[in-house]
Amino acid sequence: MDPTDTELAEAAAAADADAQSAIDALLQRYLLLLDTYSTLRAELNQLQASLFQHLARANFVAANRGQRYGQDYYDQRMQAQRRTTLTQGGGGGGGGGVEGAPPVVMTVGVYPPPTAADGDDGDEKADSEENDQEERAAAPNPNPNPADPLRWFGILTPFPLRQAQGLAIQAVEEIIPRLANVSAEMAAVELEVRRARKRRAKAKKAEWKARWPLEERVGGAGFVA
Amino acid sequence: MSAQTDFRDRQFLAVIGDEDSVTGLLLAGIGHVTPPPDNQKNFLVVDNKTDNAAIEAAFDKFSTERKDIAIILINQHVADRIRHRIDTYTAAFPTVLEIPSKDHPYDPEKDSVLRRIRRLFGE
């Protein structure tokens with residue numbers, strides 16, 4: 001039994017409403033992410049502005065000695081003290097991600113981590129306690145902390161330069177990875193919105209084809225063989 | 001999927017910017033020079049004499065050649081000089097973030113993320 005025109009129209013309208021509400025939900029999530037992005041942006045701008053102010057103040061003091069805190073003092077063998085860690089799935093904070101694949105969450109932290117012995121698993125703890133002690137005694141830290149970048153600029157660095165460093169650390173550890181995560185999540189939601197729109201367009205096309213069979217469409221235009 | 005598989009090796013932040021921006025971020029300890037003979041740096045100081053080709057080359061190196069970069073920070077006014085390259089960059093890793101500089105405050109109109117938003121709602 002063929003469905004009537006009204007039944008087809010009702011089913012199509014319901015499917016369209018479902019698709020639209022799915023897109024609306026995605027857009028709502030997107031707008032929340034945009035709000036977070038804008039807030040983080042404002043925080044980063046403020047931090048950067050203060051950082052430049054402190055750096056300018058430090059340079060103003062150093063100018064008396066004909067010095068400028070810049071690339072002339074960079075250590076040519078510098079090693080990164082703060083590095084990113086990317087973990088998949090996280091299961092909380094960042095959330096979202098592309099359908100199917102759990103999102104990758106970025107964090108920035110001190111490298112090497114301050115105390116590697118702190119957070120081990122509980123069940124292995126008792127067994128490996130003795131081994132750990134032996135290992136620690138046998139192999140002293142193979143990768144000692146690289147030099148503090150402040151030392152590139154001398155032993156007695158001005159206070160504004162230290163303040164600038166503090167702000168830079170705050171930006172790098174707290175704001176930048178969160179901005180990167182939000183930006184990635186926004187890109188994933190954008191993709192989902194585009195896919196949902198495409199799916200809706202396809203469904204509409206299919207519904208249109210079902211309601212007006214080919215003969216009617218072609219016949220109406222006078223193409224019947 | 002390939003972008004998802006190699007993300008664990010990405011551990012550095014790269015910077016392309018003016019001297020103050022780079023100095024500020026290097027103070028946080030993100031600067032890294034690989035061992036000889038490569039001696040590859042993860043930063044580029046841009047001034048008036050730096051040509052666009054050099055900026056583009058650095059961006060390409062950080063974004064496609066090197067597999068150890070997770071985030072590229074680039075001054076917005078520097079990004080403007082290679083805007084075509086930034087706007088067509090779509091890879092998941094490394095993430096590109098435009099940051100303000102001392103002389104050029106952040107302009108949301110130029111931000112590649114916010115331009116994407118306009119494209120999404122303008123469709």
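Buried area is the accessible area that two parts lose on being put together, summed over both. In this predicted model, chain A and chain B bury about 4500 Å² between them, and 63% of that area lies on carbon and sulfur atoms.

**The contact between the chains**

Chain A supplies 55 residues to the contact, and chain B supplies 46 residues.

| Item between chain A and chain B | Value |
|---|---|
| Salt bridges | 4 salt bridges |
| Salt bridge A:R68 to B:D20, N to O | 3.1 Å |
| Polar contacts, both residues at pLDDT 80 or more | 24 residue pairs |

On the side of chain A that touches chain B, the elements giving two or more residues are helix 1 (5-63), strand 1 (82-88), strand 2 (104-110) and helix 3 (159-211) of chain A. Helix 3 of chain A gives the most, with 17 residues. By residue type, this side of chain A divides into 34 nonpolar, 13 polar and 8 charged residues.

**Nonpolar cores**

In soluble globular proteins, nonpolar side chains tend to be buried together. The largest nonpolar core here has 63 residues. Within this core, A:I176, A:M186, B:I71 and B:L73 touch the most other members.

Which residues does A:I176 contact, leaving aside its neighbours within four places in sequence? In chain A, the partners are A:L44 and A:A171; in chain B, they are B:L13, B:L25, B:I71, B:L73 and B:L97. A second, separate core has 18 residues, among them B:I55, B:F59, B:F62 and B:A79.

Conventions:
Residues are numbered from 1 along each chain as its sequence is written. Chains are lettered from A and ligands numbered from 1 in the order in which they are written. This is a predicted model: local features need pLDDT of at least 70, side-chain atom pairs count only at pLDDT 80 or more; totals for chains, interfaces and linings use all residues. Side-chain values use heavy atoms; hydrogens and water are left out. Contact means heavy atoms within 4.5 Å. Buried area is the accessible area (1.4 Å probe) that two parts lose on being put together, summed over both. A salt bridge is a side-chain nitrogen of Lys or Arg within 4 Å of a carboxyl oxygen of Asp or Glu. A polar contact is a pair of N or O atoms within 3.5 Å; within protein, one must be able to donate a hydrogen and the other to accept it, and residues adjacent in sequence count only if both atoms are side-chain atoms. Helices (H or I, at least four residues) and strands (E, at least two) are DSSP runs, numbered from the N terminus. Ala, Val, Leu, Ile, Met, Phe, Trp, Tyr, Cys and Pro count as nonpolar, Asp, Glu, Lys and Arg as charged, and the others, Gly among them, as polar. A nonpolar core is a set of buried Ala, Val, Leu, Ile, Met, Phe, Trp, Tyr and Cys residues joined through side-chain atoms within 4.5 Å. Buried means under 20% relative accessible area, exposed over 50%, partly exposed in between (1.4 Å probe, protein chains only).
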